[in-house]
Structures are given as structure tokens and as C-alpha cells.
Amino acid sequence: MYRESFYRYLMTQRDPDSQDDIVQFANNAQHDLTFPKQEQDYDKLSEYLELNAGYLASMSTFDKAYQMYQEKMSY
């Protein structure tokens, strides 16, 4: 079964008018040219974000977004 990447899922959460943490994460990640766009693995994404994503206010925002991604991919 095909699973879309976390990045592709995250891009569905964008909204320029929302102040939601996950939406802001998606809006900012869109402009991150080195984001691992094909990645699905939590640990690899987490490591990348911890080292490179100054725009992510809290890793708990990534955790919530990744949980939503996993729930969507389990259908």
C-alpha cells in the first residue's frame, strides 16, 4: 500500500489565515527548501526538525501533526 510522505500530508494543513500551531508549522515548512519531502519515518523527521527548523516553536507541535498523519495513513 502506498503511503504519502509526511510533508505531503503536512501541506494539506496550510492556511495563511489560521494561527493554529500545526497550520503555522505547515505554512513555515512550505518555505523550508531542505525539508525531507519524501520522508515518512518519525525519528528521521524529528532529528531533522530539531537541528534545522528554527521556525518550529515546539517539538510537541510536530508530535501532534505526526499523530494526525499516522491516523490518516492507517485508513
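This briefing describes the helices of one structure and a selection of the residues within and between them.

The structure is a predicted model, in which local features need pLDDT of at least 70 and side-chain atom pairs count only at pLDDT 80 or more, while totals for chains, interfaces and linings use all residues. Residues are numbered from 1 along each chain as its sequence is written, and side-chain values use heavy atoms, with hydrogens and water left out. Helices (H or I, at least four residues) are DSSP runs, numbered from the N terminus. The axes of helix 2 (residues 21-29) and helix 4 (residues 59-73) come within 9 Å and cross at roughly 90°.

**Helix 2 against helix 4**

- Axes are lines fitted to C-alpha atoms, for helices over the stretch in contact, and angles run from 0 to 180 degrees between N-to-C directions.
- Helix 2 contributes Asp21, Ile22 and Phe25 to the contact, and helix 4 contributes Thr61, Phe62, Lys64, Ala65 and Met68; contact means heavy atoms within 4.5 Å.
- By class, this contact of helix 2 with helix 4 has five nonpolar, one polar and two charged residues. Ala, Val, Leu, Ile, Met, Phe, Trp, Tyr, Cys and Pro count as nonpolar, Asp, Glu, Lys and Arg as charged, and the others, Gly among them, as polar.

- Helix 4 has 15 residues and reaches 21 Å from its first C-alpha to its last, close to the 21 Å expected at 1.5 Å a residue. The expected span is 1.5 Å times one less than the number of residues.
- Thr61, Phe62, Ala65, Tyr66, Tyr69 and Met73 of helix 4 are buried; buried means under 20% relative accessible area, exposed over 50%, and partly exposed in between (1.4 Å probe, protein chains only).
- Viewed down the axis of helix 4, its buried residues fall within an arc of 130°, so they line one face of the helix. The arc is that of the directions from the helix axis to the C-beta atoms.
- The cover over the buried residues of helix 4 includes helix 1 (6-11), helix 2 and helix 3 (42-52).
- Methionine 68, a residue of helix 4, is partly exposed, with a relative accessible area of 30%.
- Leaving aside neighbours within four places in sequence, methionine 68 is in contact with Tyr9, Gln13 and Ile22.
- Methionine 68 and phenylalanine 6 are 62 residues apart in sequence, and their C-alpha atoms are 10.0 Å apart in space.

**Helix 3 and serine 46**

- Leu45, Ser46, Tyr48 and Leu49 are buried in helix 3.
- Viewed down the axis of helix 3, its buried residues fall within an arc of 165°, so they line one face of the helix.
- Asp43, Lys44, Glu47, Glu50 and Leu51 are exposed on the other side of helix 3.
- The buried residues of helix 3 have a cover that includes helix 1, helix 2 and helix 4.
- Serine 46, placed in helix 3, has a relative accessible area of 9% and is therefore buried.
- Not counting residues up to four places away in sequence, serine 46 touches Met59 and Phe62.

**Methionine 11 and alanine 29**

- Methionine 11 belongs to helix 1 and counts as buried at 13% relative accessibility.
- Methionine 11 touches Ala26, Ala29 and Gln30, not counting residues up to four places away in sequence.
- Methionine 11 and leucine 51 are 40 residues apart in sequence and 21 Å apart in space, C-alpha to C-alpha.
- Alanine 29 lies in helix 2 and counts as buried at 0% relative accessibility.
- Alanine 29 is in contact with Tyr7, Leu10, Met11, Phe35 and Tyr55, leaving aside its neighbours within four places in sequence.
- The C-alpha atoms of alanine 29 and threonine 12 are separated by 12 Å, and the two residues are 17 residues apart along the chain.

**The loop between helix 1 and helix 2**

- Aspartate 15 is located in the loop between helix 1 and helix 2, and at 30% relative accessibility aspartate 15 counts as partly exposed.
- Val23 and Asn27 are touched by aspartate 15, not counting residues up to four places away in sequence.
- Aspartate 15 and asparagine 27 are 12 residues apart along the chain, with their C-alpha atoms separated by 7.0 Å.

Technical notes: Helices (H or I, at least four residues) and strands (E, at least two) are DSSP runs, numbered from the N terminus.
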